[in-house]
Amino acid sequence: MTPAAQALSEPELERHFEQVIERDQRIEPRDWMPDAYRKTLVRQVAQHAHSEIIGMQPEANWITRAPSLRRKAILLAKVQDEAGHGLYLYSATETLGADRTELTEKLIDSKQKYSSIFNYPTLNFADVGVIGWLVDGAAICNQVPLCRSSFGPYARGMVRICKEESFHQRQGFELLMTMMRGTDAQRRMVQDATDRWWWPSLMMFGPPDHDSPNTAQSMAWKIKRHTNDELRQRFVDMTVPQAEALGVTLPDPEISWNDERGHYDFGEIDWDEFKQVISGNGPCNAERLAHRRAAHEDGAWVREAAAAYAAKQHT
Ligand SMILES: [Fe+2]
Ligand SMILES: [Fe+2]
């Protein structure tokens with residue numbers, strides 16, 4: 001807090017905070033902010049960080065079985081990027097006063113969530129391409145507006161993350177294009193992976209607007225710029241022509257262009273499935289958390305060694 005800010009009363013500080021938001025300026029870590037704003041951000045950014053870290057697992061499953069050295073190098077780099085995204089985001093939560101160790105403990109104790117999408121299995125190598133195309137594609141739709149989020153460190157972190165996500169999306173699409181130009185068996189793999197990932201990708205945008213109680217406040221604070229349904233529609237509009245270019249069929253017979261709305265219509269999402277997966281009962285929830293917990297425990301000696309080394313440097 002700056003000396004000038006210390007002299008202000010709480011209502012004055014609150015008015016200043018609201019003016020910053022109104023003018024589309026950024027709130028920085030040392031600025032005064034309402035407790036609820038700080039709490040909302042810690043929760044959102046931590047969930048985002050957890051998603052990046054847990055999101056390494058489904059694709060990492062294929063690193064040892066990538067079909068060529070080139071594909072292995074690409075996949076390794078991509079999974080490593082996701083680790084980097086997680087680390088930037090945990091750093092952003094630290095600027096809000098959160099403790100990274102506590103957040104990791106909340107994740108492995110199931111007290112904080114991560115994106116539902118990473119609780120689905122990766123069954124064939126085309127899944128790697130479809131994750132890049134659809135999952136990173138959906139992540140981009142969600143995250144590009146976050147580059148204008150009102151909290152400075154989060155917004156700035158998202159700029160770099162989005163650049164890498166769009167690279168991920170293109171590598172996924174390129175992999176699928178290559179497979180679609182291959183054998184019938186490869187084309188079937190791409191279609192099978194598309195069938196399995198399409199609906200879970202739509203669920204990545206979260207519950208429908210009428211069932212998303214926190215959206216209004218997050219939008220008023222300009223943490224969020226668009227509603228879940230707006231972003232989902234944007235993703236569908238972007239993806240349908242890409243599916244046509246690839247030559248795959250999206251598993252929804254209700255997809256059709258609506259001239260009046262200027263958007264693609266699409267079918268009803270199975271929200272019961274979403275609720276099941278988000279509450280821990282998806283196909284891979286237990287496996288993902290067990291793996292994360294084991295990695296955390298196996299890494300204890302590294303953290304201890306790093307802390308001991310850092311302490312030595314300061315003496
Ligand atoms: Fe990422
Ligand atoms: Fe990514």
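What spacing do the donors of the iron ion (ligand 1) follow along the chain? In this predicted model, the spacing is E-x29-E-x2-H-x79-E.

**Figure 1. Donors of the iron ion (ligand 1).** The protein donors are E52 (OE), E82 (OE), H85 (ND1) and E165 (OE), which lie 2.0 to 2.2 Å from the iron ion (ligand 1). The angles among the four donor atoms run from 88 to 134°, and the site is tetrahedral. For four tetrahedral donors, the ideal angle at a metal is 109.5 degrees.

**Figure 2. E82 as a bridge between the iron ion (ligand 1) and the iron ion (ligand 2).** The two ions bridged by E82 are 3.4 Å apart. E52 belongs to helix α3 (residues 35-54) and E82 to helix α5 (residues 69-94), so the pair ties together parts that are 30 residues apart in sequence. E52 and E82 are both buried.

**Figure 3. The largest nonpolar core and the surroundings of W198.** This core contains 80 residues, of which Y37, W133, W197 and W198 touch the most other members. Helix α7 (residues 126-143) gives the most to the core, contributing ten residues. Apart from neighbours within four places in sequence, W198 is in contact with L134, F235, V236, T239, L250, P251, D252 and I255. In soluble globular proteins, nonpolar side chains tend to be buried together.

**Figure 4. The salt bridge between D24 and R225.** The side chains of D24 and R225 meet at 3.2 Å, N to O. This pair links distant parts of the chain, 201 residues apart: D24 is in the loop between α2 (10-22) and α3, and R225 in the loop between α10 (215-220) and α11 (228-246). D24 is partly exposed, with a relative accessible area of 42%, whereas R225 is buried, with a relative accessible area of 18%.

**Figure 5. The salt bridge between E28 and R156.** The side chains of E28 and R156 meet at 2.8 Å, N to O. E28 is in the loop between α2 and α3 and R156 in helix α8 (residues 152-180), so the pair ties together parts that are 128 residues apart in sequence. E28 is partly exposed at 23% relative accessibility, and R156 is partly exposed with a relative accessible area of 49%.

**Figure 6. The salt bridge between E164 and R160.** The closest N and O atoms of E164 and R160 are 3.6 Å apart. Both residues lie in helix α8, four residues apart, and are thus separated by about one helical turn. E164 is buried, with a relative accessible area of 17%, whereas R160 is partly exposed at 48%.

Methods. Residues numbered from 1 in each chain as written. Chains lettered and ligands numbered in written order. Predicted model: local features only at pLDDT ≥ 70, side-chain atom pairs only at ≥ 80, totals over all residues. Heavy atoms only, no water. Donors = N, O, S within 2.8 Å, 3.2 Å for Na, K, Ca; no water. Tetrahedral: all angles 85-135°; square planar, octahedral: opposite > 155°, others 65-115°. Helix = DSSP H or I, 4+ residues; strand = E, 2+ residues; numbered from the N terminus. Buried < 20%, exposed > 50% of the residue type's maximum accessible area, 1.4 Å probe, protein only. Core = buried A, V, L, I, M, F, W, Y, C linked by side-chain atoms within 4.5 Å. Contact = heavy atoms within 4.5 Å. Salt bridge = Lys/Arg side-chain N within 4 Å of Asp/Glu carboxyl O.
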